[in-house]
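Have the viewer open as you read.

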Amino acid sequence: MKPTKPETLPRPVELTNTEVFDAWVEGLDPGTHESFCSFCAENYSTIECFLYARFLGYLSSITACEEWIKEKYLKPDHRRILLDEIGYMKDDIRLLRDDIENLGVKRESGVARIAAMEKELRGTINQVEQFTANKDRKGLLMAGADRAIRELAFIFKDDPIEGPLKEAAMSVWARMQLEE
């Protein structure tokens, strides 16, 4: 009798992070689905979208959420744009200084233009710092609220207060979104 090969079972198809998150989003009820997708389309923060998903019951990683958002919604990177603008401003100031040194621009008018350009540069740098600080602050607040609500939900799991607690969590989320 000839030995037989063991049958090989077909490998299960592994879903990508994006497909897993997409399946979770599609599983939401229609109103929540529309609300979540609208929020993700209008919001520039992946962290805030992830936290909203957590409020809605998403339990997996931020990586899947981030990949899904990048695939579905084109998000401008305002911080990167401002940083690039700062680089261009520095180049312009350097070129103007070179022109002054090479006598291509009168010293008095060149110095005045440099002062105005440096003032604009400082304003843009301040804008980047403020943008980053506000984004970090809001992300930390949202993460803290998410953690507190998840802990409360865990403590009161299978308790009559669980339903009202979920409703309160959604109210907190909505209120935090309205605050800047």
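Where is the place of D158? D158 sits in the loop between helix 6 and helix 7; helices here (H or I, at least four residues) are DSSP runs, numbered from the N terminus. Phi of D158 is near 60 degrees, a positive value in a residue other than glycine. D158 also counts as exposed, with 70% relative accessibility. For that scale, buried means under 20% relative accessible area, exposed over 50%, and partly exposed in between (1.4 Å probe, protein chains only).

**Ground rules and confidence**

This is a predicted model, with residues numbered from 1 along each chain as its sequence is written. Local features need pLDDT of at least 70, side-chain atom pairs count only at pLDDT 80 or more, totals for chains, interfaces and linings use all residues, and side-chain values use heavy atoms, with hydrogens and water left out.

Helix 2 has the highest confidence, at 90, while helix 7 (residues 162-178) has the lowest, at a mean of 76.

**The cores**

Now for the inside. A nonpolar core is a set of buried Ala, Val, Leu, Ile, Met, Phe, Trp, Tyr and Cys residues joined through side-chain atoms within 4.5 Å. The largest one has 26 residues, and those with the most contacts inside it are F21, W24, V25, F36, Y58, W68 and W173. Helix 1 (17-26), helix 2, helix 3, helix 4 (62-72), helix 6 (107-155) and helix 7 each give two or more residues to this core. Its largest share, six residues, comes from helix 3.

Leaving aside neighbours within four places in sequence, W24 is in contact (heavy atoms within 4.5 Å) with F36, A53, L56, G57 and Y58. Apart from this core lies another, of 10 residues, including I86, L96, I114 and L121. In soluble globular proteins, nonpolar side chains tend to be buried together.

The buried residues are E48, C49, F50, L51, Y52, A53, R54 and F55.

What does the side chain of N43 make a polar contact with? Its partner is the side chain of E48, at 3.0 Å. A polar contact here is a pair of N or O atoms within 3.5 Å; within protein, one must be able to donate a hydrogen and the other to accept it, and residues adjacent in sequence count only if both atoms are side-chain atoms. N43 lies in the loop between helix 2 (30-42) and helix 3 (46-55), and N43 is buried, with a relative accessible area of 12%. Just after helix 3, G57 takes a positive phi of about 110 degrees.

**Salt bridges**

A search of the whole structure finds five salt bridges, each a side-chain nitrogen of Lys or Arg within 4 Å of a carboxyl oxygen of Asp or Glu. Side chains of opposite charge can pair when their charged atoms come close. Among the five are these:

| Pair | N to O distance | Relative accessibility |
|---|---|---|
| K70 and E66 | 3.8 Å | K70 62%, E66 31% |
| D84 and R80 | 3.3 Å | D84 32%, R80 43% |
| D98 and R94 | 3.6 Å | D98 35%, R94 44% |

K70 and E66 are four residues apart in helix 4, so about one helical turn separates them. D84 and R80 are likewise four residues apart, in helix 5 (residues 78-101), and about one helical turn separates them. D98 and R94 both lie in helix 5, again four residues apart, about one turn of the helix. K70 counts as exposed, whereas E66 counts as partly exposed.

**One more positive phi**

L103 has a positive phi of about 65 degrees although it is not a glycine. L103 is found in the loop between helix 5 and helix 6, and at 75% relative accessibility L103 counts as exposed.

Methods. pLDDT is the predictor's confidence in each residue, from 0 to 100.
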